[in-house]
Amino acid sequence: MDAFIIQILNGLDKGSAYALIALGLTLIFGTLGVVNFAHGALFMIGAFCAVFLQQVLSISTVAIDETQKDFLGNPLKVETPYVENWFGPELGGAIIDWSVPLALIFAIPVMIAVGFIMERGLIKHFYKRPHADQILVTFGLAIVLQEVIKYFYGANPIPTPAPDVFKGSFDFGSLLGFDPNVIIYPYWRMVYFGFSMVIIAGIFAFLQFTTFGMVVRAGMVDRETVSMLGINIDKRFTMMFGIAAAVAGLAGVMYTPINPPNYHMGMDFLVLSFVVVVVGGMGSLPGAVLAGFLLGILESFASTTWATTTIPGINQIIIYLVAIIVLLTRPRGLMGRKGVMED
Amino acid sequence: MLGLNKNDRTLLVIVAVLALLAPFILNPFPTDSSLAQFNAGYPDLMQKFVIFGIFAIGFNILFGLTGYLSFGHAAFLGIGSYSAVWIYKLFTYNVIPAMMLSVVMAAIFALLIGYISLRRSGIYFSILTLAFAQMSFALAYSVLSNPKFNLTNGETGLQVYANDIQMFHRDGLPDFPHIFGLSMGSTSKLPLGAWEFQFNVGYYFCAILMILAFYFSIRLFRSPFGMMLRAVKSNQQRMNYTGLNSRPYTLAAFVISGMFAGLAGGLLAATDPLAGAERMQWTASGEVVLMTILGGAGTLIGPVLGAGFIKYFENIFSKINDQVLHQWVSFMPDGLEDFVVALIHPFIGKGWHLTLGILFMLVVIFLPGGLVEGGQRIGRLFGRKKRAEDTADAAAKTPAE
Amino acid sequence: MGILEVKGVGKRFGGLAALSEVNLSVEENTVHAIIGPNGAGKSTLLNCLVGKLIPDTGSVMFDGQSVLGRKPHEINQMGISRVFQTPEIFGDLTVLENIMIPCFAKRDGSFRMHAFEQFAHEKELIEKSMAILEDVNMADKADMHSASMSRGDKRRLEMAMCLVQEPRLLLLDEPTAGMARADTNNTIDLLKEINEKRDITMAIIEHDMHVVFSLAERITVLAQGTPLVEDTPDNIKGNPKVQEAYLGESQH
C-alpha cells in the first residue's frame, strides 16, 4: 500500500509537467488549428528564464580580502553578489535563494512576448498551409531555439536549486497513519503539483467565466461561425498563443529544481506531451490534463524495481505502448471529439 | 530502353555519371591549396552522400507521393544497421547477406508499424510514427541491452568483437565488411599533378546501389502504382468512391520506403561496422524530412540533391572554426574582422545544427518546393536560354506518361 | 424487383431521427429522382447507400446483395458510382490520369501492386479513357492539370470518371448545384444521353425542379426523413401533399 502511494506521488510532478505542456498544445491546436512542435522549446525557454535570473542575481563583485588566506596562502578572493551589496546580506541572500520563484514574475512577460512574436511573426502565415508544413516549420523553429540556448548555456545541465525552505521532504506517510519516513515526498515536488493545479484551475476558470474565454471556446468548436459574428477572433487567438506560451514557460521555470535544465529538455518533453495530447483526445482540454497525470503516474509505476526487473526498461516505453493501445481501441483518444483533425 | 522515356533516361544517366565520377567531380581543388577543405571527394563523405541519398529517395516515395509525413523513419535506419552488424557477428563480414537482412528486417518492422500507424492520417499519423520511433530508440538504447538479453549493446553501440562466432569467416578474408573478399575500406589513390583522387570500394558499392534505387524510384513514380499514390495525396475520398482501397497502397509505399531506409542503415554499417541507437532518434528522422523537402518533395532528383546538400554543408560547416574564418576575412580592418567572425561564429563548427534549423525554416517558408523549384524559378528568370534545363526539371517534377 | 431495394431504413443521430422507415425501389435502366426540402434526409440516405453511413435499421440491397457493412470501395466495385455535390476529382493529376484511375480500379480491383509496370503499355485503357473524354468533349484537355479547370469542366470530368467504370447504378448528389443555366442544360443533355446510350440506372438527388422534371421517370419525395410519395413526374406535379411539403414551401 505504501509503495502504491509513493508511486502515485512520484508520478504527480512529471504528470503535472505533461499536463501543463499538453494543455498549452491543446489550446494552440484547438484555437489556431496549428500543431506546434516548438511548444517543448517554450517549456525549455521558461526553464532557462530561471537559470538566467539566478545567474544575473549572482553577479558578484570580487574583492581581495588580505585578512583571509586560501589553502595556498594567497589572499582570499571574496565574491559578493551585487544584490547583497544593495539590499544587505540578509535580504540579498534571500533574493538569490528565492530566484526560482522570483523567475515566475520575470518569465511571464518574457514568455508572453515570445509567444506573441512567434504567432505574429511566423505561425500566422501558416494557418492556411498544410499541417505538414506547420509541423515542419515549428520543428525547424524548435531546433533553432534549442541551439540558441545551447550556444549561450552549453550542453550540460545547469543546477538551479529551489529555495532552502523547500529542501528536504515532507513525511506524507505519518499523516495517513504509516510509520514515519515510509512515505516521504520532497517539498518542492509538492509545490510543483500545487502550482500546476492552480494554473490548470486558473485556465479552466478563465475559459469558463470570462467573455474572452467563451469566445475562445466557441472558436475551438467552430471558428467560422464565431468570426461571422463579427468578433475579431484572430486577435484573441494571438493572445491565447501568448497564454499557452506562458503556461509552458512557467511549467519550465518551476521544473528546474526537480531536473536541472539542459537545452534538449524541451524536445524530450515535447514528444511525450504529444503522446499525452493524442491519448487525451486531440482538442480536449480535460483530456489533456487527465492523460497527463495518468501517463505520469503510469510511468512512475513502470519505474519501480519490481516492474523493471520483470520487464527491463519498461519505464522507457510504457507511455508509447499505452498510447498505441489507446489509439487502436479508441482512435479519438480518451475524451476526443468527433471531427477534430479527421480528414 | 530500361522502360524509361527520354527525359527520365537522361536524368538517370546524369545521376549515374555524377555518382560514378564523384571522386573527380567532388575534388576540384588541389590537395595543398587552401581551398582543399571544400573538397568532398574523400570516401567517408561520399559514402554519406549516396547512403543518405538512398534514405531520402525512399522517404520521398512515401512523403512525396502520398503526402503522409512520417517522423519515424530513422527507426528503420537503425534496424538496418543492427541487422547488418548481427550478420557480421554471427556469420560473415560479407555485406551481401548483411544488406539482405537489413532490408528484410526493415520491411517487417515497417509492415508492423505502418499497419498500425496508417489506421490514422494527417497529424495523428505523424505523431504515431514519432511515438514508434521514440519507442524503438528507447528499446535500442536501454531496453534491449541488459545482461540477460543484449541485442543492441546500448550506449556503446553494437560492434564486432574478437570472440564473436563469425561462422563463415576465413583467415584470408579482411577483418572488415567486404564483398567477396574485397574490403569495403580499401581505397586506391590516384595522384594526378597537384590532385589526389580516391577510389573506395565501399563508396562504389553504395553508389551502385543508389543508382539502382534511383532507377527503381523513377520506374515507381511513372508506374500506375505511383499514380495511385499521388491519387492518395490528391483526394483520398474520391479514391475510395472509385473502388480503390487506399490503405494497402499507403502501406505498400510505407514498407517500400522503410526498406530503402533499412538498406541505407545497412550500408552505414557496411562502411563502418557499428550500429548505435542515436541513429534512431527523432532528430534523425527530422533530418531525412529536411533532405527531402530541401531538395523538393515529390520530385525525382530532389531528395538526392537535398541529401548531398545537407551532408556536404554539415561537413564543411563543422570543419570551419574561428581560425579559418579569420583567414578568410583577414582583408578587413581588425575591428571589423573580429566583429564579422563573432557574427558568423554561432553558425559554424558545433553550431551546424543552428544553421540547419534556420535552413529548415527558410525552406519551408519561402521555398516549399525545395531546390528543384528554386532551380525552376531561376530558370524562368533567365528565360529562354535555359529552356532545355527547365523542361528537364519540369519533367522531374511532374511525372508524365 | 428493382436493381436497388431500400427497405425500412432508419438512421438516428443522437436524438434526431434523420431517416425512418425509408422504402425505395429503383428499377433498372430508369432515372429515379429523390427530392425533398432541406433536411429531409436526402444526403443521409445517399450516404447510407454508398457505405459512408451504416443505417440503424433496415436493409439496402443492390442487385440481390446487401451493401450494408461494406466499405465505400467495395460498394463501388459492386457497380455503384457516385457523383458528389461539389465535384471530387484528383486535382493534382492530369485529366487523363483522372480517367485512368477508375479504369485501373475497374480492371484490377481495389488494390494491385503495379509498381514496375509502365503506363505506355496500357494502350487499351488509354484508348478507352480518350474515348470517354471525346464523349464529354474534353479530349483536348487530356493533359491539363485538372485543378485549374472550371467548375463545369470538373463536373464533366467527374461524370466521365464514373462512366468509364461502366457502373450499373450511378448516384448523383445535386449534379447541377451552383451551375449556370446553360451548364445545367448541358448537364441534363449529358445525363439523358448517358441514360439512353449506356443503359445506366441513375438515382439523382436534386433541388432543381427543372432538372428533375426533364430527366426523371420516377420520383420519390422525402419529407422529414420518410418517403411521402413515389410516383411518375406528372402525378407528382399534381399531388397536393407534395405541393404542401415541398413545392409550396420553397421555390428553387
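The model is predicted, so local features need pLDDT of at least 70 and side-chain atom pairs count only at pLDDT 80 or more, while totals for chains, interfaces and linings use all residues. Residues are numbered from 1 along each chain as its sequence is written, and chains are lettered from A and ligands numbered from 1 in the order in which they are written.

Helices (H or I, at least four residues) and strands (E, at least two) are DSSP runs, numbered from the N terminus.

Chain B itself has 17 helices and eight strands. Its radius of gyration, taken over C-alpha atoms, is 22 Å, close to the 21 Å that the globule rule (2.2 Å times the number of residues to the power 0.38) gives for 401 residues, so chain B is as compact as a globular protein of that length. Along the principal axes, the C-alpha atoms of chain B fill a box of roughly 70 × 60 × 45 Å. Among contacts in chain B between residues at least 6 apart in sequence, 73% join residues at least 24 apart.

Back in chain C, C:M179 lies in the loop between strand 7 (169–173) and helix 6 (181–198). Leaving aside neighbours within four places in sequence, C:M179 is in contact with C:G152, C:T184 and C:T187.

Methods. Contact = placed C-beta atoms within 7 Å.
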